[in-house]
Amino acid sequence: MKKEITVRPFGTTADGRAVQELILTNANGASVSVLDYGVTIHAIRVPDKTGALCDVCLGYNTVAEYEANGGYLGATVGRYANRIARGRFTLDGTEYSLFCNDGNNSLHGGKRGFDRYVWDYKTEGDGVRFSRVSEDGEENYPGRLEVSVLVTFSDDGSLTLDYTAKTDRNTPVNLTNHVYLNLSGDASGDVLSHTLFIRADEYTPVDAELIPTGEILPVKGTPLDFRTAKEIGRDIEAAGGYDHNFVLRAGDGPIATVTSPLTGIVCDVFCDLPGVQLYTGGGLASTQISKTGKPYGPSYGLCLETQFFPDSVNRPSFPSAILPAGGTFRHATTYRFSAGQ
């Protein structure tokens, strides 16, 4: 079987824009489906331990459901992923006020983030490059930002999202994808029996609104210690659910590894960013209906959102997420799928 890219209509947005589904199939018959609406990872079909293909990505069957439901299922988010406290930051002496869509804070780009646009696309080698221009002042962010995401799916089961952004003014940029994984299969139940490893010795504690306090503390002795792989459900109640940013330790190999004991499917995550947000889908609800017609529920999927730290625009001690005028944001995240016995 040869690698191929298939394009087919997926529906229409509420404002009348056509949405396309692009299916990247590798030489082994595994595939990844991506919508040009929000550069949304719609499906990931990879072999389990028996060789049968299993869709390990949460998603919906229609554009209307993606538009109507929260949760950012599979979406590429920006201009600033995660939270900005009180929707405010100061840059070059000017204070910018953003739309607060998460209580008192701005989340994942504000009222209409990158996940709510139909992107342009073109094939590029074995992949697809999605692009759009975020004009100066969009969601009140400064600077014209030219953004692209190159999506590839290799024969070894590696799904890579290669992000590039250029700007004409200093501006915050923090791009990630909000794919929800369930390696036992979409809507198969919760992920609490999945095992998880995260290559992090520290995390950024938060207040009641999930805004970092500015501290960086060790995971040792806390429910956030995933330095040795453990079941996600083991300490989730003690953690109050997982929605935490981990400070990644430098090193080779994956920054995280997830395994389903049911299917034997393993996902190794690689990235070159300083943090990753673990979110175990506490906000998923039965009103959200899966691609198989079954309702979702809390912890039916997990996200590993590679990123700069939340609210880093207001925390000078955190790694800077400011892209300078004339500079280039270039980071890649890879999800490599394989199957054990």
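Biologist: In this predicted model, which residue in the turn of the β1 and β2 hairpin has a positive phi?
Modeller: Five residues lie between β1 and β2 in this hairpin. The two strands run antiparallel, with eight bridges joining β1 (residues 4-12) to β2. The turn residue with a positive phi, about 90 degrees, is Gly16.

Biologist: What is the bridge partner of Glu4 in β2?
Modeller: Strand β2 covers residues 18-25, and β1 covers residues 4-12. The strands are antiparallel. The partner of Glu4 is Thr25.

Biologist: How many residues of β2 are buried?
Modeller: Buried means under 20% relative accessible area. Strand β2 has eight residues and is mostly covered. The number of buried residues in β2 is seven.

Biologist: Which residue in β3 does Glu21 stand opposite?
Modeller: β2 also pairs with β3 (residues 31-35), antiparallel and over five bridges. These two strands form a hairpin with five residues between them, and Gly29 in that turn has a positive phi of about 90 degrees. Opposite Glu21 stands Leu35.

Biologist: Which strand gives the largest share of the lining of the largest cavity?
Modeller: The largest cavity holds about 50 Å³ of space. Its lining includes Asp243, His244 and Asn245. A strand spanning residues 243-248 supplies three residues, the largest share, and that strand is β21.

Biologist: How many charged residues are in the lining of the second largest cavity?
Modeller: The second largest cavity has a volume of about 30 Å³. Asp, Glu, Lys and Arg count as charged, and the lining includes Arg79, Arg112, Glu138 and Glu139. Beside two nonpolar and four polar residues, the number of charged ones is four.

Methods
Residues numbered from 1 in each chain as written. Predicted model: local features only at pLDDT ≥ 70, side-chain atom pairs only at ≥ 80, totals over all residues. Heavy atoms only, no water. Buried < 20%, exposed > 50% of the residue type's maximum accessible area, 1.4 Å probe, protein only. Helix = DSSP H or I, 4+ residues; strand = E, 2+ residues; numbered from the N terminus. Pairing = 2+ DSSP bridges. 1 Å grid on protein atoms, 1.4 Å probe; cavity = no way out; pocket = protein on both sides within 12 Å on 5 of 7 lines; lining within 4 Å. Points joined across faces, edges and corners; volume = space filled by probe spheres on them.
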